[in-house]
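Trainee: Could you walk me through how to read a few features of this model? I'd like the general idea, then the case at hand.

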Amino acid sequence: MKHKNITLAHGSGGKLTHELVRKLFLPCFNNTALSFLGDSAILNINGTKLAFTTDSYVVKPLFFPGGDIGRLAVSGTINDLAVVGAEPMFLSAGFIIEEGFDMALLEKIVKSMKETISFTGVDIVTGDTKVVERGGADGLYINTCGIGIVNDGINLSTSSIETGDKIIISGTIGDHGMAVLSERESLGFTPSIKSDCAPLSGMIKKILASGAHIKFMRDPTRGGLATTLNEIVNTQKYGIVIEEQAIPVNDGVRALCEILGYDPLYIANEGKVVIVVSAHDAVKVCNILKEDSLSKDAAIIGEVIPEPAGKVCLKTVIGGTRIIDMLVGDQLPRIC
Ligand code: MG
C-alpha cells in the first residue's frame, strides 16, 4: 500500500478505493462471490440465486435538491441489487446518530426512506440504532444492506461482453454530485440542478423483461461514468469508445462544471445505469428507457471495441480521441 494513512481519496470510488479493495480486502477475505467485485454478490443457495449488497451513506449535507440521506440510502442499495439483474426484496437500515441530533430531522429522513421504497415492493425488515457522543460523528450516517432474487435466465457478466456491443446511459450525468456540491457550497444560483437519486428497479425490470440481450449493467455512482466504464473494461480483452457529443448532460450541470473546473464524466450519479447490450437490441432498449420518466434522456453513447483492450476512449466534440482513466484523487468527498 502506497499510503501510511487513509486519505479521503480512499473513499472516492476511484483508484485508491480500488487499491484498498484489491490489495487489502480481497486477498484477506478471499472467496469466489467477492472476487467478482459486483455491485451485489451473487450467492447460490439451494438452487436460488440470491443477490446481496451493502452500502454506507455519509453524504454532507443531509438534505440537498432532489433528495436527502434517507432517499439516497434506500435508492443506492436497491440500485446495486437491480443492476445485477435481481428483484430487490428486503433491506436493513442501520443508523449511526450523533448525540444532540434534531429529532424532527431524523423523522423527516425516516419518512423519506419509507416514501422512497413505497413504490418498489421492498421492505425494511431489520435494523440497528447506535448513538455516539457529540463530535463522534457528523450528524447522521446510514448503512443499508439489501437482498434480492435473480430470476432464472438472467446472467449478467462482463465475460459475455463482445466487440460491437453498444453502451447505453439511462440519462443525464453528473446531476447528483453537482446538486450536493451546489447545496454544500450554498451556490444558490443553480436551481435547475437536482439530484437524480431514485430507485431504478422498476425501470430495469422493464428492460430485462423485454427479451433484449443485455450483457451487463452498473450504476455509475462515485467516480462517475468514466470510472464505471473503466471498471467494466479493466483486465478485459476489449475496450470501450464513447462519443462526447452523445452523452446527455443537463445545461445547469454543464455550466457549473465549467465554472468550477469539473468534468461531468467523473461526477457521481445516483439514479442512472450504464447498460452494455448487443448491437441488435440497443435501439429497442433505448426506446423502452425513454418511456420511463427516470430514463427519458437515455442515449446510446458508444460501443465495445477490440483495441485498445482494457481502456476507455472518448471521441471529443472537436474530433480528437483521448483515453479516459478512472477517477484519481477525490475532488468531491462525502457525495453519497
Ligand atoms: Mg453500484
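This is a predicted model: local features need pLDDT of at least 70, side-chain atom pairs count only at pLDDT 80 or more; totals for chains, interfaces and linings use all residues.

Trainee: Which residues coordinate the magnesium ion?

Mentor: Donors here are N, O and S atoms within 2.8 Å of the metal (3.2 Å for Na, K and Ca); water is not among the atoms, so sites may look incomplete. The magnesium ion is held by OD atoms of Asp39, Asp80 and Asp219, at 2.1 to 2.2 Å. Along the sequence, the spacing of these donors reads D-x40-D-x138-D. Helices (H or I, at least four residues) and strands (E, at least two) are DSSP runs, numbered from the N terminus.

Trainee: Are Asp39 and Asp80 buried or exposed?

Mentor: Buried means under 20% relative accessible area, exposed over 50%, and partly exposed in between (1.4 Å probe, protein chains only). Both Asp39 and Asp80 are buried.

Trainee: How do I check the span of H3?

Mentor: The expected span is 1.5 Å times one less than the number of residues. For the 14 residues of H3 that gives 20 Å, and the end C-alpha atoms are 20 Å apart, which agrees. At its N-terminal end H3 is capped by Asp68, with a side-chain oxygen 2.8 Å from the backbone nitrogen of Gly70.

Trainee: Which residues of H4 are buried?

Mentor: An α-helix has 3.6 residues a turn, so residues three or four places apart point the same way. In H4 the buried residues are Leu106, Ile109, Ser112, Met113, Thr116 and Ile117. Seen down the axis of H4, they fall within an arc of 125° (taken from the directions from the helix axis to the C-beta atoms), so they line one face of the helix. The face turned away from that buried side carries the exposed Met103, Lys108, Lys111, Lys114 and Glu115. Among the elements covering the buried residues of H4 are H3, strand E5 (86-98) and strand E6 (123-132). H4 has a cap as well: a side-chain oxygen of Asp102 sits 2.8 Å from the backbone nitrogen of Ala104.

Trainee: How many disulfides are there?

Mentor: A disulfide is a covalent bond between the sulfur atoms of two cysteines. The cut-off is a pair of cysteine sulfur atoms within 2.5 Å, and a search of the whole structure finds zero. The sulfur of Cys28 is 19 Å from the closest cysteine sulfur, in Cys145, too far for a bond. For Cys197 the closest one is in Cys336, 10 Å away and again too far. Cys28 is exposed at 58% relative accessible area, whereas Cys197 is buried at 2%.

Trainee: What is Glu162 in contact with?

Mentor: Contact means heavy atoms within 4.5 Å. Leaving aside neighbours within four places in sequence, Glu162 touches Lys215 and Val304. The side chains of Glu162 and Lys215 are joined by a polar contact of 2.8 Å. A polar contact is a pair of N or O atoms within 3.5 Å; within protein, one must be able to donate a hydrogen and the other to accept it, and residues adjacent in sequence count only if both atoms are side-chain atoms. At 47% relative accessibility, Glu162 counts as partly exposed.

Trainee: And the backbone: where are the cis peptide bonds?

Mentor: Most residues other than glycine have a negative phi, and most peptide bonds are trans. A cis bond joins Lys60 and Pro61, with omega about 0°, and another joins Glu307 and Pro308, with omega about -5°.

Trainee: What is the phi of Thr235?

Mentor: Phi of Thr235 is near 65°, a positive value in a residue other than glycine. Thr235 lies in the loop between H7 and strand E10 (239-243) and is exposed, at 70%. Arg334 also has a positive phi, about 55°, and is partly exposed at 26%.

Conventions: Residues are numbered from 1 along each chain as its sequence is written. Side-chain values use heavy atoms; hydrogens and water are left out.
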